[in-house]
Each structure stands twice: as C-alpha cells, then as structure tokens.
Amino acid sequence: MLIQCTKKLLDQLGVKPGSGVEGDPLFSWHANLLVINRRKTLVLVNDATRYVVVLYGLKGKDFNKIDELIVQGIRESLLLEGIKEEVIEKYLMHSGGFTFTKTKDRKHVARMNRVCESVHFFSEYIEPETIFNNKLSNKVSRLLVGEGKSYVHPYEEMYKYLEEFAGQPIFGSKAVQLKVTLKLENQSVWRRLVVPLNRTFPQLHEILQTSFGWSDSHLHEFRFYEDEKQSTDPGSDFGLRPSPMLTLVCTNEAFDYPRGYEMKLETGVLLSEYLPAHQKLTYTYDLGDDWEHQIEVEKIVEEYVAPCPVCLAGEGNTPPEDVGGSYGYEKFLSILSNPDHPDFEHMLRWGRSQGYQEFDLEQINRNLKQE
C-alpha cells in the first residue's frame, strides 16, 4: 500500500520517504496530519476514488504502528459501508506492504486539502472514544467532489472500483425488515424499513432520523426489555410491556443518571448483537419531548444485496422539532386545520422552518442512499 505523505506527516513518522514509486491508484492514498480539538488526526484520501478514512486522537506510540492502524481504519470504514468481509480482506491482502513517499503532485494535494477542510467542517461527527472515526469518514466520503464538469460521490466510486477489482458483487448480508411506529395518540405515523444487520446502532439512529425526517438535534437511546411476551405497561402498542433490561445510550453523560439496569454506549454495537434475538425494542428521540418509536422485527432477509437500507412503505407526517411533545403537536395540527386561526400563518411558517413536511417515500429513499 502506497501512502503519499505531507512533510508534516513524514516528520511525525520519522521515516525516510521512498522516491520514484508509482502504484495502482486503488491501493494508493494521500495522507495529511491535522490537529483537531488538540488531537492529532490522520486523514487518508484514496487516489482512485477520493474515499476518505479518518484516524483521530493519535498518540506518539500510535505512530510506531501506523501501518496496522491504517489497515484497521480502512477495514472498519468499509465494513461500516456493508461491504462483504471477504472483499475487504482481498483488497487489503492485495495492497501488500507499506511504502511511505512524498505527496505526488499539485492536483492530488489540492484534492487532499479540500478533504481536510471538510473534515474540519464536519468535526461535530467526531467520536472521541475511538481512533477509527468511521462516522466522520463516511460523512465526508458522501460529499459531491470533482473539477470542471466531472463530479462524483467518493463512496460510490469506491463501490465501483472494488466490484471491478473483486470480480463479484461486494454487498450481501443478512438484514431485518422493521416496522417502526411513532407513538402518537391520535395520529398514525410509521415506516417499514429493511436494514442490514452488519450496521451499527448509531447507523440505525441515522437511518431512523432520515426515514422520519428528524434533524438529529437532540439525544436519543435504544431500549430493550426482559421478556417481550410479559408485561407491566398496558398502554404500550406492543401489548403489555416488560421491565427494561438494557438501554443503549449515545453519550457518556448518560451514565451520570443511572437507571437501575444495564446501560451501554451504543458506539460500535452491531445490530446483529441484539437483532433478531430481540423482536421488539424502542427508540426514543429528544429526551425532552420524548418521541418514542416502537420497533418490531417483521422478518429476516437472508441475503440483502443492496448497498443501503430502504424504506418499503410508510404513513403519516413526523411532528416538527421542538413542538412540545404530543400535546404540542395536537395543538399545532389544530391551528393548521383552521386557516382562519390568528396564528395560522405564523404556525405554517414555523412548521416549515422546523422541517415539517408531507411523507414522501421517494425522497426518503433518495436520502437513505447516503446512509
């Protein structure tokens, strides 16, 4: 694998760069060393596809094994895309040993610099608990890039090149069909989704945000229950709800408020660790308004070959952000149902500013291609 480094990175690595080395662009990467939030951050940009891999929070000792970390970073990022493990390992094996050289030319350096600007811009996606910042990597790899009249999405280019290299479909995994229902007293709002089981719970969160049109402006959590057939909550649409047994939380701050049962950080937790063993769970978004989504596994898809999740069907509009929970949403709908209401125009403009819109299956699936 050819890693073409800026002078700053070469100085950090303390290696003598090779010279006159050329490699297959698919196995060649340009690399730069940034400092974000006072943490050393390695940004890798693939020469053929412009696909991005970000390693965050590197310490001195990490640079002694940088080749291992780069390989693992690429592996984890491609796994998060849902690419078959055997395809990823074939790619990494074919990459061979590491050669570190100077950057190639102005064109590639300019591309890398633009990527580094994007990494800084989307630094809110950094997960400080892990070196392998796949969420940030995948976000930047989904930006439209190019020069002149030629523009591409790097993740789609990586799919294309890997399929050509592997000589076989690069996707194929077990998936679950989920029915996700937003718990509202007087409205029917639901989505039917197919999601690969090799995705993580943070990815499922993003998929749900996209499918319901939320803006990801608040905290969230996933909750599992002890015995889905027994209960203590007669108000649940699942029937009688059992006691909670586990909550997957999205931030370490949640552990400051113990629940009396197990809590776990969702980062890196695969869906396959809990689904389909658990057939029902809840997803709560905005712990103030408490928008509870009830998730039910409807069936298993043994071989799912699409590169992204899909929304098969759905119904109903998602409430606007910060509307004030179910009560506030009912009041909002009441005003919108009466054009003569003195607050009608104001509420109509406010709803639009908060992302309130009609359910649109085609638009949801266009957006899910980015997940």
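A residue is called partly exposed when its relative accessible area lies between the limit for buried, under 20%, and the limit for exposed, over 50%. The legends below use these words for a predicted model.

**Figure 1. Glu89 and Arg75 form a salt bridge between two helices.** The N to O distance in this pair is 2.7 Å. Glu89 belongs to helix H3 (residues 85-95) and Arg75 to helix H2 (residues 66-80), so the bridge ties together parts that are 14 residues apart in sequence. Both partners count as partly exposed: Glu89 has a relative accessibility of 31%, and Arg75 has one of 21%.

**Figure 2. A salt bridge between Glu22 and Lys104 connects two loops.** The closest N and O atoms of the two side chains are 3.8 Å apart. Glu22 is found in the loop between helix H1 (7-13) and strand S2 (28-36), while Lys104 is found in the loop between strand S5 (99-102) and helix H4 (106-121); the pair therefore ties together parts that are 82 residues apart in sequence. Glu22 is exposed, because its relative accessibility is 62%. Lys104, with a relative accessible area of 41%, is partly exposed.

**Figure 3. Four charged residues are linked in a network of salt bridges.** The members of this network are Arg50, Arg111, Arg114 and Glu147. In the structure as a whole, the count comes to 13 salt bridges.

**Figure 4. Helix H3 has a buried side and an exposed side.** Val87, Ile88, Tyr91, Leu92 and Ser95 are the buried residues shown in H3. They cover an arc of only 130° around the axis, and therefore lie on the same side of the helix. Glu85, Met93 and His94, on the other side of H3, are exposed. The buried residues of the helix pack against S2, strand S3 (39-46), H2 and H6. Just after H3 comes Gly96, which takes a positive phi of about 70°.

**Figure 5. Phe201 and Tyr274 form one of the aromatic pairs of the structure.** The structure holds 19 aromatic pairs. In this one, the ring centres are 6.1 Å apart and the planes meet at 70°, so the arrangement is edge-to-face. The pair links distant parts of the chain, 73 residues apart: Phe201 is in helix H7 (residues 201-212), and Tyr274 is in the loop between strand S12 (262-265) and strand S13 (280-285). Both residues are buried. Phe201 and Tyr274 also belong to one aromatic cluster, together with Phe222, Phe224 and Tyr283.

**Figure 6. Charged side chains sit over aromatic rings.** Lys179 lies over the face of Trp190, at 4.9 Å from the ring centre. In a second example, the ring of Phe212 has the charged end of Arg191 over it, 4.9 Å from the centre of the ring.

Conventions. Residues numbered from 1 in each chain as written. Predicted model: local features only at pLDDT ≥ 70, side-chain atom pairs only at ≥ 80, totals over all residues. Heavy atoms only, no water. Phe/Tyr/Trp six-rings, centres within 6.5 Å; stacked < 30°, edge-to-face > 60°. Helix = DSSP H or I, 4+ residues; strand = E, 2+ residues; numbered from the N terminus. Buried < 20%, exposed > 50% of the residue type's maximum accessible area, 1.4 Å probe, protein only. Lys NZ or Arg CZ within 6 Å of the ring centre and 35° of its normal. Arc of directions from axis to C-beta. Contact = heavy atoms within 4.5 Å.
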